[in-house]
Amino acid sequence: MQKDNRKYNFLVVEDNEGDFFLVQDYLEDVIDAPKVIHASKFEDARQILEAGKTDFDAILLDLTLPDKEGDTLVKEMLEISGNTPIIILTGYSDVDFAIQSLGMGIADYLLKDELNAAILYKSIIYNIERKKNLVKLKESEQKYADLFHLSPQPMWVYDMDTLQFLDVNDAAVKHYGYSVEEFREMTIKGIHPEEDIPQLEEVLKKQDKSAKFFKNQFRHKKKFGEIIDVDIQSNVINYNNKKAKIVLANDITERIQHINAITHQNSRLREIAWIQSHVVRAPLARIIGMANMIKSDVLDLSKGEKIEFLDHILSSSEELDDIIKDVINKTKEFNIKKEYG
């Protein structure tokens, strides 16, 4: 078997010198120049680990030491070992204790009578890689938690079977007014107006549960009764072994109010334009007609008649000016307070 030439550091906690040298031989049979540090008591192992001078890849632990043994030893070693995998090496075959220790966080449980270099190497490599993946998973979960809780947009997670809130971020607490505990005591129906719940139930009923992404608009009710319009985006996730949805809520209340205001004002403006265009045409037609008559000299008007025509033109012009002022005054009634990009 070709030796593994990667660098490894091992802490072997073993009070029996013979067993220690046997384990060291096994390691040297499969690994090129492993660094092995020996502790014959728990206290020695504790001092080595707490000194933090060596970053160990694995700890090989005998279950019976002069100063500690059994589950007490396992618990205290787990407390000081950090993320380093601990592999128990024991001469006693106790299935119940083996299962118990694995449940406590021990990486593997090997019997000394069945141990050889290949079995030990396989267990070490498997548990080193497994520990790395668990650390990556934990880091990934922490990044998710940071993104969730630091998001400026309200977000929450709810159980897809019970609709119960499972988690909410700070932005949701601030925007909706409920505390984290109040959210967790409610289902998502609790933030919908009573009259909108049949619509919500219909949407949930028709919703394709196999689809990972969902988008829709709803009305929500804040703690103190304010109704808001929200754009909802959600994704299916596994949350603590529950099928859940993570939801991002975007409050679009002001945007919708603004669009409604613009639509209403455009309608009013069209109405004013239609009415005023017909009102304007009457004095304008009179002005044009009388001006053409004066210009053409067809009627051979006297000076007094021309002055009378000009008076009519002046009167029609004043009427037209009043109409224009009225249009200006009506358009001033429209005041859109906020612009949106």
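This is a predicted model: local features need pLDDT of at least 70, side-chain atom pairs count only at pLDDT 80 or more; totals for chains, interfaces and linings use all residues.
Two strands count as paired when DSSP finds at least two bridges between them.

**Strands around β10**

Strand β9 (residues 227-239) and strand β10 pair in the antiparallel sense over 10 bridges. Within this pairing, Asn235 has Ile246 in β10 as its bridge partner. The two strands, β9 and β10, form a hairpin with two residues between them. In the turn you will find Asn240, whose phi is positive, at about 50 degrees.

Strand β10 (residues 242-251) also pairs with strand β6 (residues 155-159), again in the antiparallel sense, here over five bridges. On this side, Met155 stands opposite Leu248 in β10. As a reminder for reading the side chains, in a regular strand they alternate between the two faces of the sheet.

**Salt bridges**

Turning to charged side chains, the model holds 18 salt bridges.

| Salt bridge | N to O distance |
|---|---|
| Lys112 and Asp19 | 2.9 Å |
| Lys68 and Glu76 | 3.4 Å |
| Arg286 and Glu319 | 2.4 Å |

What does the salt bridge between Lys112 and Asp19 tie together? Lys112 lies in the loop between β5 (108-111) and α5 (117-150), while Asp19 belongs to helix α1 (residues 17-30), so the pair joins parts that are 93 residues apart in sequence. Asp19 is partly exposed, at 24% relative accessibility. The story widens from there: Glu14, Asp19, Asp62 and Lys112 are linked in a network of salt bridges.

Arg286 and Glu319 form a salt bridge, with their closest N and O atoms 2.4 Å apart. Arg286 sits in helix α9 (residues 253-296) and Glu319 in helix α10, so this pair ties together parts that are 33 residues apart in sequence. Arg286 is partly exposed at 38% relative accessibility, and Glu319 is partly exposed as well, with a relative accessible area of 33%.

As for the remaining pair in the table, Lys68 has a relative accessible area of 24% and is partly exposed. Its partner Glu76 also counts as partly exposed, at 25% relative accessibility.

**A negative patch**

Which residues gather in a patch of negative charge on the surface? They are Asp300, Glu305, Glu308 and Asp311. Of these, Glu308 lies in helix α10 (residues 303-331). Patch residues need over 30% relative accessible area and no salt bridge; Glu308, partly exposed with a relative accessible area of 47%, is one of the patch members.

Definitions and conventions
Residues are numbered from 1 along each chain as its sequence is written. Side-chain values use heavy atoms; hydrogens and water are left out. Patches are made of residues with over 30% relative accessible area and no salt bridge: like charges are joined within 9 Å, nonpolar side chains (Val, Leu, Ile, Met, Phe, Trp, Tyr) within 5 Å. Accessible areas come from the Shrake-Rupley method with a 1.4 Å probe; for residues, only the protein chains shown count as cover. A salt bridge is a side-chain nitrogen of Lys or Arg within 4 Å of a carboxyl oxygen of Asp or Glu. Lys and Arg count as positive and Asp and Glu as negative; His and the chain ends are not counted. The place of a charge is taken as NZ of Lys, CZ of Arg, CG of Asp or CD of Glu. Helices (H or I, at least four residues) and strands (E, at least two) are DSSP runs, numbered from the N terminus. Buried means under 20% relative accessible area, exposed over 50%, partly exposed in between (1.4 Å probe, protein chains only).
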